[in-house]
Amino acid sequence: ASADGDRPSTPHPGNLTAACSHFFQRRHSHMGEGQTESRLEEERDGERDRLLALNFVSCFLNPVEIVKLSFLCKGAEEFLTACSPLVKLDVRDLDFLQPSPEKLQGRSVRDFLIFNLCESRLTKKGTCIEAVICTFGKPQVQKSCLLSLPSGLSELELNGCQELDDSALLFLASRLKKLVRFELYWNLKVTDAGVVKILRSNFRTLRHLNLSGCRKLTDTTAHEIADYCSRLRFLDLTRPAGMTEKGLWHICERLSNLETLTLYASNNFTPEAFQFLSRLRLLKNLDLCGSSVEDEVVENAAGGGGWLNLVSLNLTWCLRVTDRSLKALSKGCPALETLSLHGNTSITPDGLTALEQSPLKDTLTALDVRGCRQLDAYVSEGFKRLKEAFPKLTCFELHS
């Protein structure tokens, strides 16, 4: 500390792991030189070093840095167990580690990391871990990796894990019974059989479900979601290629607690598929980008008081939407803050005028009208005219 008692400045985050690694390596090298010191002095030095290490680490390192140290420095785990336990394991943070082939013993790097962390004192043999994120990355997560996952997990993200199939989900369903959040984005192998097992094993706790891009799923999964997951708050069914309007109808009829629904690129649905969206009265975020939704749906939902809580609405590339929808939104969606009309060629200045003359003039903070050919005047000169019409706007590009 400085003379006036101020706390020393925090080391640069990029140097924390290197600094600690050097510290621990020195500590253990000194322990091997104990032949030249008395036992009492060695014990005093050891305890002093231990307290210094714990004090240093607990002040400056986050759980990820602690995990890095446990793999990089022999014996470091002994000093780090008094720090905050690792609750959220994001394997992407540890991709830089390259254990030797002898340590891997035929496992992939990610399998090795998960296995060892779930057996480590840093996680109390995995009992402290509540969330595991294995999103994308190389090498892919293998089914063997799932054997190490702690049974008490509440969150599991397996987005982009293309190697996992129904047999992997069947194993997870037999082991995990308390999932609150489950994500399986962009998996082209899983079918209804595997997903249904996960849903039935976790229906009491599941609140967040992402099945975006799982193209083999059908109405069977949609009905299971509706019948077993009544507590869902978040549902992502982007590109639901195998589902029909019957599946979506059932979801709208049963999931009354839903707050976020993503139906991005759902062009396989007919316009009639969206007619029951008005029943989702707690809905705050709705993504219909690229869908065949029509004015009648928006008018029924907004006009009938179904979307009073709606905060964000994505109508990007919804080519059947016209000024009629904007007039309905201006009257029936008082909480709306984010609206994308990107690429909708049927929208005219009359539609924007309806929004401008409503309370939404003061609530909208994000509005994307790029690609609306009849609204080019609002986009030109750095969105000058749009800013004048909606003074609270801070975001003008919602769709890339």
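Tutor: Happy to! Keep in mind that this is a predicted model. Ask away.

Student: How many salt bridges does the count come to?

Tutor: A pair counts when a side-chain nitrogen of Lys or Arg is within 4 Å of a carboxyl oxygen of Asp or Glu. By this rule, the count is eleven.

Student: Is Asp-90 buried or exposed?

Tutor: Let's begin with its partner: the side chains of Asp-90 and Arg-92 form a salt bridge at 2.7 Å, N to O. Arg-92 has 40% relative accessibility, so Arg-92 is partly exposed. Asp-90 has 13%, and because the limit for buried is under 20%, the class of Asp-90 is buried.

Student: Which residues are joined into one network with Glu-183?

Tutor: A salt bridge links the side chains of Glu-183 and Arg-181 at 2.8 Å, N to O. Glu-183 is buried at 7% relative accessibility, while Arg-181 is partly exposed at 24%. Salt bridges with shared partners join Glu-183 into one network with Arg-181 and Glu-157.

Student: How many residues apart in sequence are the parts that Glu-299 and Arg-324 tie together?

Tutor: The side chains of these two residues meet in a salt bridge of 2.7 Å, N to O. Glu-299 lies in helix H12 (residues 295-303) and Arg-324 in helix H13 (residues 323-332), so the pair ties together parts whose separation in sequence is 25 residues.

Student: What accessible area does the nonpolar patch with Phe-136 have together?

Tutor: Phe-136 sits in the loop between strand S2 (131-133) and helix H7 (143-146). Phe-136 is partly exposed, with 33% relative accessibility. Phe-136, Tyr-185, Trp-186 and Leu-188 form this patch on the surface, and their accessible area together is about 350 Å².

Student: Why are the buried residues of helix H14 on the same side?

Tutor: In helix H14 (residues 349-356), the buried residues are Gly-351, Leu-352, Ala-354 and Leu-355. They are on the same side of H14 because the arc they cover around the axis is only 150°. As background, an α-helix has 3.6 residues a turn, so residues three or four places apart point the same way. The value to remember for H14 is an arc of only 150°.

Note on methods: Residues numbered from 1 in each chain as written. Predicted model: local features only at pLDDT ≥ 70, side-chain atom pairs only at ≥ 80, totals over all residues. Heavy atoms only, no water. Buried < 20%, exposed > 50% of the residue type's maximum accessible area, 1.4 Å probe, protein only. Helix = DSSP H or I, 4+ residues; strand = E, 2+ residues; numbered from the N terminus. Patch = residues over 30% accessible without salt bridge, like charges linked within 9 Å, V, L, I, M, F, W, Y side chains within 5 Å. Areas by Shrake-Rupley, 256 points an atom, 1.4 Å probe, with all protein chains shown as cover. Arc of directions from axis to C-beta.
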